[in-house]
Amino acid sequence: MSAFWLYVFTLIFFLFDYFILAMGLNIQYGETGILNFAYIGFVAIGAYMTGAVSMPNSVGTGQHYILGLNMPFPFNLLVGGLSAMVVSVLVAFIALRRLRTDYLAMVLISLSLVFYDICNNYVPLFNGADGLYNVPSPLASVLHLTTNSFTVVFALLTGVISLIMWWIMSRITRSPLGRTLRAIRDDDGVAAALGKSVFRYKLTSMMIGSFFAGIGGGLIIQFNTSFNPSAWLPGETFVVFAVIIVGGVSNNIGLLVGSLLVETMLVHLVAFLPAIPGHPGLILNIAAMMIGGLLMVMLWFRPQGIVPEKLRRSPAAVSSVTTPTEYAGIDEGVSHD
Amino acid sequence: MTDQSVSRADSALGCQDLTKSFLGVRAVNGATFEVPRGQITALIGPNGAGKTTVVNILSGLMKSDGGTMHLESTETTNWESEKIARLGLMRTFQLSRELGGLTVLENLLVAPHDQPGEKLFNIFFRPGRVTKAEKAHVERALEVLRTYGLYELRDSRASDLSGGQKKLLEISRAVMAGPKVLLLDEPMAGVNPALIERIGGYILDLKAQGVTVLMVEHNLNVVEKICDHVIVLAEGRTLATGRLSDLRENKEVVSAYLGEVIDASAIS
């Protein structure tokens, strides 16, 4: 297979993976209004844990890491997702109970910096700055895949997983739970005055979003077979924010569009372009500036994103309650031909 | 001090010696009153008398510095607002606080307590229960919207409504939760006379359904027309309670409401 197609499938992988990550951040920020500036930390937990449980015991491998359970796919991935979810509960109890908006964001970004330094320096946990490498590729031995065909299979598998995650997320956001989360986003004082346990719902939203983050992270370490602190600098959180703000907050199609534009086109497409002679790395810096510029342009001219949130008009249940004659009055002046 | 005009047994809501300071300013300074069950009570007083602060404390939005309060027979002093709400107290806000990103219908659908569809487990494993409850809530919400004349607007974004429509939305959202006690913070402020008439009618209907209403109101014509009981607040204290006709005789009340509460000796 040519390098070109390998490249295309790598882009496809990141498109779907960031779609999952964007959905996770979106339920926290877009649906519930939690400014989770520590999001990439949850992605990292998912990645590290997925890697750590799928690798063999660390004794004699030259790496240091916890667990080493030789767990097969997809159980390792689920451990990654669930670990991020468990940590989100701890974080929620520290940060989410009393703090909101900018204060919450500051505490979360501080927590993510602390966690970053721990992972980067404390070797016994996840091998410190070297990170985990030689993570077994799932299905590769079962399907007798080469490195190249693994890229293709895993990119497509990620696509399937992202569709399942999309289905799960749609179920949640369309449910009364999703509605209550959006009520909290719009005005948590009103939600509390209506008897909603705001903390409990924010915790739920945090947990769901972090599970998505963990799965997205787990897929990254499986795809790359390695993961280290340079992959999740705390600033990476803002790339995910850029994905959802550019694409469209609270709109799953928008998230896919944002993932395509920001992550696929601006982060990964350019990463494979030949360097400008005499200026190594300049292209990546230009791409980073373009993301920042795009974010500013969007916030200034189209804060709702390319595909804006749709108003959830009369849920399906209404049409079965109201009779057609009741609609007739509303549709006055609208032709039906 | 206790409010003798309404016995505790007849009181749906009440407070005793409530105090609340903001940066040293005593906004509420020993407010004490009882709200008779099943009646419409007006909370009146000059601007800055602490009416909204009292409403905020009673609904749990703010914590008092001192004093006690109760909802029916339950002591609710310094409870969280969500707990007070679940006990049956609903409120509206002086400046309408609609859930702007939701439709009018969704604003109402948020209100019912303990919806099966608010639990993750039910969404995936008991979808039938969720749908059934949702159907019932939608049916009821549409009925409430019809009553309050918002039916045609049910699919509009709540932030797009006019000021008066937002007031109606707030009341109907509170009604949707099936309150025992309703706190209305200036439900008729900035509303045209025809709508004032309509809102007054709605409040009377709620009373007929057995809801206890406490409303902050400046318009004494409205108070006279629909309120059974009046509480006068001035400088954070309860000045008087009783029927409006009796209170009109009370010189202290009249001067307080006209704003002449400054002690003359303090000026000279």
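Among contacts in chain B between residues at least 6 apart in sequence, what percentage join residues at least 24 apart? The figure is 67%, where contact means heavy atoms within 4.5 Å.

Good morning, colleagues. What we have here is a predicted model, in which local features need pLDDT of at least 70 and side-chain atom pairs count only at pLDDT 80 or more, while totals for chains, interfaces and linings use all residues. Residues are numbered from 1 along each chain as its sequence is written, chains are lettered from A and ligands numbered from 1 in the order in which they are written, and side-chain values use heavy atoms, with hydrogens and water left out.

Let me stay with chain B. Eleven helices and ten strands make up its elements; these are DSSP runs numbered from the N terminus, helices being H or I of at least four residues and strands E of at least two. Its radius of gyration is 20 Å, close to the 18 Å of the globule rule for 268 residues, so chain B is as compact as a globular protein of that length. That radius is taken over C-alpha atoms, and the rule is 2.2 Å times the number of residues to the power 0.38. Of the 268 residues, 54% are buried, meaning under 20% relative accessible area, with exposed over 50% and partly exposed in between (1.4 Å probe, protein chains only).

Asn250(B) sits in the loop between helix 9 (244-247) and helix 10 (251-258). Its relative accessibility is 25%, so Asn250(B) counts as partly exposed. Leu239(B) is eleven residues from Asn250(B) in sequence, and their C-alpha atoms are 9.9 Å apart.

I turn to chain A, which has 14 helices and zero strands. The C-alpha trace spans about 75 × 45 × 45 Å along its principal axes. Buried residues account for 51% of the 337. Among contacts in chain A between residues at least 6 apart in sequence, 77% join residues at least 24 apart.

Finally, the interface. Here 42 residues of chain A are in contact with 43 residues of chain B. The area buried between the two chains is about 3,600 Å², with carbon and sulfur atoms giving 60%; this is the accessible area (1.4 Å probe) that two parts lose on being put together, summed over both. On the chain A side, Arg179(A), Leu194(A) and Leu311(A) lose the most area to chain B, together 19% of what that side buries.
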